[in-house]
Amino acid sequence: MEITVNNLTKRFEDKLAVNDISFSIGEHEFLVLVGPSGCGKTTTLRLLAGLEMTSAGEIYFGERRVNDIRPKDRNVAMVFQDYAVFPHLTVFENIAYGLRSRRVARNIIQESVPAAAKTFRIDHLLKRKPRQLSGGERQRVALARALVRDADIYLYDEPLSNLDAQLRHQAREDILALHQRKLRPSIYVTHDQSEAMALGDRIAVMRGGKIEQIGTGTELYERPNNQFVAFFIGTPSINLFQVTLRGEGEVIWADSSAFSIRLPEELYPKIRSHVGKKVQFGIRPEDLHVPKRAPFPVDADTMIGGVVNVIEPSSTGSSVYMSTLGEKSQDFVATFNLRLPATYLNKEIELAMNLRRAHVFDLETEKSLLYS
Ligand SMILES: Nc1ncnc2c1ncn2[C@@H]1O[C@H](COP(=O)(O)OP(=O)(O)OP(=O)(O)O)[C@@H](O)[C@H]1O
Ligand SMILES: [Mg+2]
């Protein structure tokens with residue numbers, strides 16, 4: 001069953017929490033909704049679950065318009081952002097709670113509760129009370145309780161926010177395993193872009209009640225439609241520089257106080273309209289290379305110079321925080337899959353930009369000139 005949302009809008013008094021969004025989710029799809037705090041993620045889920053009435057727009061589960069269908073008749077399972085377990089009930093009874101209130105037969109409860117507990121690796125804790133559990137175990141009880149039922153749609157509202165990195169990783173895998181077993185449309189909300197990249201078949205990036213872009217992780221990373229998406233996806237974030245596009249014969253240059261680079265010809269059809277104007281030029285930290293190790297031909301017209309301020313080792317190499325040299329010095333960051341020795345601190349170095357992977361945004365609209 002596909003889920004389709006058309007022009008969905010939710011207004012709280014004068015606040016537009018969800019502003020005219022449309023998308024659909026495939027029968028087996030796992031969609032991640034990501035965006036900064038207050039952008040409307042929870043409200044979108046609550047509208048789908050029927051916990052909020054729509055102000056405008058339509059929600060379809062398959063062919064069925066569900067706008068006027070009560071929450072309990074929509075057959076949605078939802079894990080809430082501020083999960084709570086019942087302190088006076090055992091783990092077993094906590095998980096069984098939703099089934100009992102739906103009058104599910106006793107023998108089915110006896111089967112499905114341990115199965116759900118097993119999925120989330122808490123099957124050895126069924127007799128305990130919540131106060132005898134760690135925070136991570138308690139969160140798993142909340143997950144098992146929400147997900148024990150066979151639902152038509154699964155909604156997850158930042159379910160792992162209270163877990164440490166390792167438990168989060170495990171619980172994420174448990175959720176994916178559950179999804180692959182049930183294969184129902186699912187929406188997973190997070191404000192963490194790396195979690196979104198790890199989980200989503202597709203990702204929808206939200207801001208201010210709107211969906212900015214929806215696509216696979218690779219699409220959002222390589223072909224962001226606008227500056228917000230470019231900045232939000234990828235870590236560390238993309239470097240942005242205000243430049244002026246200058247035409248010189250057949251060539252287009254990007255000039256800033258810190259550098260002057262010759263842009264590759266394949267960009268010209270898209271950027272020619274902006275020659276003579278200021279634009280925002282974006283280059284990801286991964287696309288800056290030590291010249292000797294660059295996987296593309298390097299020449300003086302692709303270089304950016306800077307002073308190394310901080311070298312931060314990472315599991316795969318290092319993130320190097322730098323400032324440009326010109327009069328209006330600007331910070332930027334490069335990531336390398338090698339450990340840059342500490343002797344480079346406070347030194348000046350030159351890096352080569354992989355300009356085929358550069359981005360150019362209109363200064364006013366913030367739309368990508370290359371990919372929108
Ligand atoms: N019941 C309500 N009454 C009035 N305003 C609300 C209500 N619920 C949410 N809002 C407002 O709507 C906007 C979207 O809220 P929502 O909870 O959907 O954000 P969110 O993306 O889930 O944020 P977070 O990441 O912090 O959980 C916010 O500005 C919020 O203050
Ligand atoms: Mg929320």
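Student: What helices and strands count as supplying at least two residues of the lining of the largest pocket?
Tutor: In this predicted model, strand S6 (76-79), helix H2 (91-101) and helix H4 (135-147) each supply at least two lining residues of the largest pocket. The largest share comes from S6, with four residues.

Student: What makes a residue part of that lining, and which residues are closest to the centre of the largest pocket?
Tutor: The space in the largest pocket amounts to about 590 Å³. Of its 22 lining residues, Val-76, Met-78, Phe-80, Ala-146 and Arg-149 are the closest to the centre. A residue is counted as lining if it has an atom within 4 Å of a grid point of the pocket, and therefore each of the 22 residues meets that cut-off.

Student: How do you know that there is empty space to speak of?
Tutor: A probe the size of a water molecule is rolled over the atoms, which shows where empty space is left. 

Student: What are the volume and the lining of the second largest pocket?
Tutor: The second largest pocket has a volume of about 250 Å³. Its lining consists of 15 residues, and those nearest its centre are Arg-262, Pro-264, Thr-302, Leu-355 and Arg-356. By class, this lining holds eight nonpolar, two polar and five charged residues.

Student: Why is the approach of Lys-41 to ligand 1 called a polar contact?
Tutor: A polar side-chain atom of Lys-41 lies 2.8 Å from an oxygen atom of ligand 1, and because the cut-off for a pair of N or O atoms is 3.5 Å, this pair qualifies. A polar side-chain atom of Thr-42 lies 2.7 Å from an oxygen atom of the ligand, while for Cys-39 a backbone N or O atom lies 3.2 Å from a ligand oxygen, so these two pairs also fall within the cut-off. Taken alone, ligand 1 exposes 640 Å², of which the protein buries 64%.

Student: Which elements give two or more residues to the shell around ligand 1?
Tutor: They are strand S2 (15-25) and helix H1 (41-49), and H1 gives the most, with three residues. The ligand is surrounded by residues including Phe-12, Lys-15, Ala-17, Gln-81 and Glu-158. By class, the shell comprises three nonpolar, six polar and three charged residues.

Student: What makes S15 and S18 edge strands?
Tutor: The open sheet has five strands, in the order S15-S19-S16-S17-S18, with antiparallel pairing. Strand S15 (288-289) and strand S18 (331-336) each pair on one side only, and are the edge strands.

Student: What makes the backbone at Pro-236, Asn-75 and Leu-183 worth a remark?
Tutor: Most residues other than glycine have a negative phi, and most peptide bonds are trans. The peptide bond from Thr-235 to Pro-236, by contrast, is cis, with omega near -5°, and Pro-236 is found in the loop between helix H8 (227-232) and strand S11 (239-248). Asn-75 has a positive phi, near 55°, in the loop between strand S5 (64-65) and S6. Leu-183 likewise has a positive phi, near 50°, in the loop between helix H5 (165-182) and strand S8 (186-190).

Terms used:
Residues numbered from 1 in each chain as written. Chains lettered and ligands numbered in written order. Predicted model: local features only at pLDDT ≥ 70, side-chain atom pairs only at ≥ 80, totals over all residues. Heavy atoms only, no water. Near = heavy atom within 4 Å. Polar contact = N/O pair within 3.5 Å; in protein donor to acceptor, adjacent residues only side chain to side chain. Areas by Shrake-Rupley, 256 points an atom, 1.4 Å probe, with all protein chains shown as cover. Nonpolar A, V, L, I, M, F, W, Y, C, P; charged D, E, K, R; others polar. 1 Å grid on protein atoms, 1.4 Å probe; cavity = no way out; pocket = protein on both sides within 12 Å on 5 of 7 lines; lining within 4 Å. Points joined across faces, edges and corners; volume = space filled by probe spheres on them. Pairing = 2+ DSSP bridges.
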